Amino acid sequence: MQLQLSDEDREFRATMREFFTTKVPQEIRDKVAEGRELSKEDIVASQKALNDAGYAVPHWPVQYGGQDWTQLQRHIWNEEMQAASVPPPLAFNTSMIGPVLAQFGSDELKERFLAPTASLDIWWSQGFSEPDAGSDLASLRTRAVKDGDDWVVNGQKTWTTLGQYGDWIFTLVRTDPDVKKQAGISMLLIDMTLPGVEVRPIELIDGGHEVNEVWFTDVRVPGDMLVGEVNQGWTIAKFLLGNERVGVAPVGSTKRNLARAKRLAQESGLLSDPLYAARVAELENELLALELTALRVVANSAEGAPHPASSVLKLKGTVLQQAVSELLVDVAGPQSVGGDGWGARSTPTYLNLRKASIYGGSNEVQRQIIAKTILGL
Amino acid sequence: MDFEYTDDQDSLREAARALLTKAYGDYGKRRAVTQADPGYSTETWSRLAELGGLGLPFSEEDGGAGAGWIEAAVVAQELGRVVAPEPYVVSVGLAGRLVADAGTAEQRAEVLGAIASGERLVAVAHDEPGRRWSPTAGDTKATQDGEGWTIEGVKEPVVQGGVADLFVVSAVLPEGGTGLFLVEGDASGVERESFPAADGGRVARVTFTAATAVPLGSAGENRTATIATALDTARILAANEAVGIMEVALRMTTEYLKSRKQFGVTLNTFQALTFRAADMYVSLELATSITQWATMVLEDGDAAAISAAARRVALQVSRAGRHIGQEAIQLHGGIGMTAEYAVGAYTTRLTTLDHLFGDGTYALGALADGVGGYDAVDPLS
Ligand SMILES: Cc1cc2nc3c(=O)[nH]c(=O)nc-3n(C[C@H](O)[C@H](O)[C@H](O)COP(=O)(O)OP(=O)(O)OC[C@H]3O[C@@H](n4cnc5c(N)ncnc54)[C@H](O)[C@@H]3O)c2cc1C
């Protein structure tokens, strides 16, 4: 056992900190720090800045722009990025479809998509969920039927995050309705400008528009937009969802938000109230335990393979993320009810973050994974 | 000891429920109302007035219905059940209580009569930026100017301050202490900027610049205790609204668990979920009991008893509201996050109610302060 970072890792951390705090536009980082909404342009600009330095997709294979970093270095990269209020690279691109294409895509797909995916010249959406296929994703019904070289797609996706910005959408579609439900699914890449693709907004409880329904009506998708083999979609989806869960505990940004809540509580004198002080101390401690768990996981995990405890990170990470947003509403007190300052923004943020324990495998699903695959129950 | 409502109270509940179901039983109507200014329905407000709902706690001489706070609480519960956006608790509970306790006979008749008839919307301009649920004013100052008074300062958030006809304003008196004043909504020196609130209602920042004010009751009197009791009253009424909200949020959740299918079965097949719903029910029952108790104290008790009850109910209902609100969304999954589906609005309103008059931690702080001063808590003493 050894607590200190090696000299090399310490230097690495300094490099990251220096980069994130000087090379990503200050006004974008200010927005993140204050919990204001980012525009599409902000997210693109920030990812481009990372990509230009080779820091947008460090976990990809080196030949497609990845860095040959250790798990610990990736962790440091991620934490420093969040601590500096840098918007993380678009997860749909860098954590989800990118690694999938690198692993399962044809050479043509890699050639065509990987570079613009890393640079965010293509904005990807995730088209997995459907109205009747949520936690039970495999029961999805959107169908793709072969017609000549093309696939003809019909159906409806829902909850498509930021689909209003999407250029392309990676989807799971049913290509064989007659076999066990997991066995008849394929992954298709669909150009969202094709005729028959329609994106409809869904308003969430915070009043914002970040999710959409995506409807497909006789959409003709060229045959070579299939990822991997026909009916291999479930395997690919499991690979993708496994990646989705890694790094989901946003320890860095939760720490930053907790520090912010603490600072605001201090400024208003609230922190001298022992109840608030105790609440902050307790959250800090839980977060410390979570951060150490994340470190233990990255330090000990076999290269590449997600640690079985990544469900712990997802579960506890979202709970703490939500708890800190709740604390901030309480710090705002009556000002959280409405108005135009940070206090008024705290309530929509708190409400919006209820999503964190629902998507990406709900916390109930994570408990199921822990119970089944870790505890063998 | 009896937690049953009387026949009259039951009839009042039925009438209020009929009216409010007509107005908001279809959640889409509630949404349409909150999407447009002023964020509540003046028509529904008038109907509530016709029903006698807006004057329940005020005496008949003052133009009220001469009923009581238990009756007002019944209406608040019903408003909660449909997450009605009408500013009942602040207008009737807070503004009404301030005027009833501090106003002259004339002011009571005029203002409470106007509240009861629905003629005028009365808002309370008490909160100030950076202050938390204090019964005193901070930077807002009242100045005596010959015969009259003027007010200087910024109040925020003022629920429905953008459209209020009349304000009850708290301000620091020249000699110290906090006084209460009436300021007309259209008086010169009153500037208001209205914002949509998180719960779909509207709140305003109201800036008073040498605004003409009339003292509520005798001039120059320190009203801190009156304000404290009015805030306690509002908290207890808000708890009643929250109970109505929580009851329906739980019911929506259990119904959803019975109808939503995943993995080929309805969600109530999963014990992981049904036990959570059971825990929500436990929270609801405890919150209901303490709310009914606090409402009875509000009706019968003195200011000290009301204050103690308000703290206890605030703590319990704050915790219950968060538990039930958060679980209601979680057990619904994604659909619970959408504005079009009602359950999120229930959680949103619970969040707002929790922060309007003092949240659970605030109440807990006050309770903890005094915890060494008695042996055991006895609700019947
Ligand atoms: C804001 C937001 C953004 C999203 N973005 C995307 C996106 O970009 N692309 C995409 O494809 N999807 C997206 N999703 C969808 C998300 O993955 C689903 O909402 C999620 O899988 C849950 O499905 P559901 O909403 O249908 O809930 P349900 O599956 O109906 O679940 C309802 C409740 O039951 C629980 N539950 C279900 N099954 C079980 C079980 N067997 N045991 C115990 N508990 C169970 C759930 O945990 C939940 O609490 C998003 C969702 C949200 C809310």
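**Exercise 1. A bridge inside one helix**

Task: In this predicted model, the side chains of Glu255(B) and Arg251(B) meet in a salt bridge. Where do the two residues lie, and how many residues apart are they?

Solution: 
- Start with the contact. The N to O distance is 3.8 Å. A salt bridge needs a side-chain nitrogen of Lys or Arg within 4 Å of a carboxyl oxygen of Asp or Glu, so the pair counts.
- Now place the residues. Both sit in helix H7 of chain B.
- Count along the chain. They are four residues apart, about one turn of the helix.
- Check the surroundings. Glu255(B) is partly exposed at 44% relative accessibility. Arg251(B) is partly exposed too, at 41%.

**Exercise 2. A helix and a loop in chain A**

Task: Lys48(A) and Asp121(A) also pair up in a salt bridge. Which elements hold them?

Solution: 
- The N to O distance is 2.7 Å.
- Lys48(A) lies in helix H3 (residues 40–52) of chain A.
- Asp121(A) lies in the loop between helix H6 (107–119) and strand S1 (124–127) of chain A.
- The two are 73 residues apart.
- Lys48(A) is partly exposed, with a relative accessible area of 29%.

**Exercise 3. Beyond single pairs**

Task: How many salt bridges does the whole structure contain? Which residues are linked in a network?

Solution: 
- Over all chains, the search finds 43 salt bridges.
- The network joins Arg279(A), Glu326(A) and Asp330(A) with Arg322(B), Asp354(B) and Asp359(B).

**Exercise 4. A charged patch**

Task: What charge does the surface patch with Glu4(B) carry? Where is Glu4(B) placed?

Solution: 
- List the members: Asp2(B), Glu4(B), Asp7(B), Asp8(B), Asp10(B) and Glu14(B). The patch is negative.
- Glu4(B) sits in the segment before helix H1 (7–24) of chain B.
- Exposed means over 50% relative accessible area. Glu4(B) has 64%, so this residue is exposed.

Notes
Residues are numbered from 1 along each chain as its sequence is written. Chains are lettered from A and ligands numbered from 1 in the order in which they are written. This is a predicted model: local features need pLDDT of at least 70, side-chain atom pairs count only at pLDDT 80 or more; totals for chains, interfaces and linings use all residues. Side-chain values use heavy atoms; hydrogens and water are left out. Patches are made of residues with over 30% relative accessible area and no salt bridge: like charges are joined within 9 Å, nonpolar side chains (Val, Leu, Ile, Met, Phe, Trp, Tyr) within 5 Å. Accessible areas come from the Shrake-Rupley method with a 1.4 Å probe; for residues, only the protein chains shown count as cover. Lys and Arg count as positive and Asp and Glu as negative; His and the chain ends are not counted. The place of a charge is taken as NZ of Lys, CZ of Arg, CG of Asp or CD of Glu. Buried means under 20% relative accessible area, exposed over 50%, partly exposed in between (1.4 Å probe, protein chains only).
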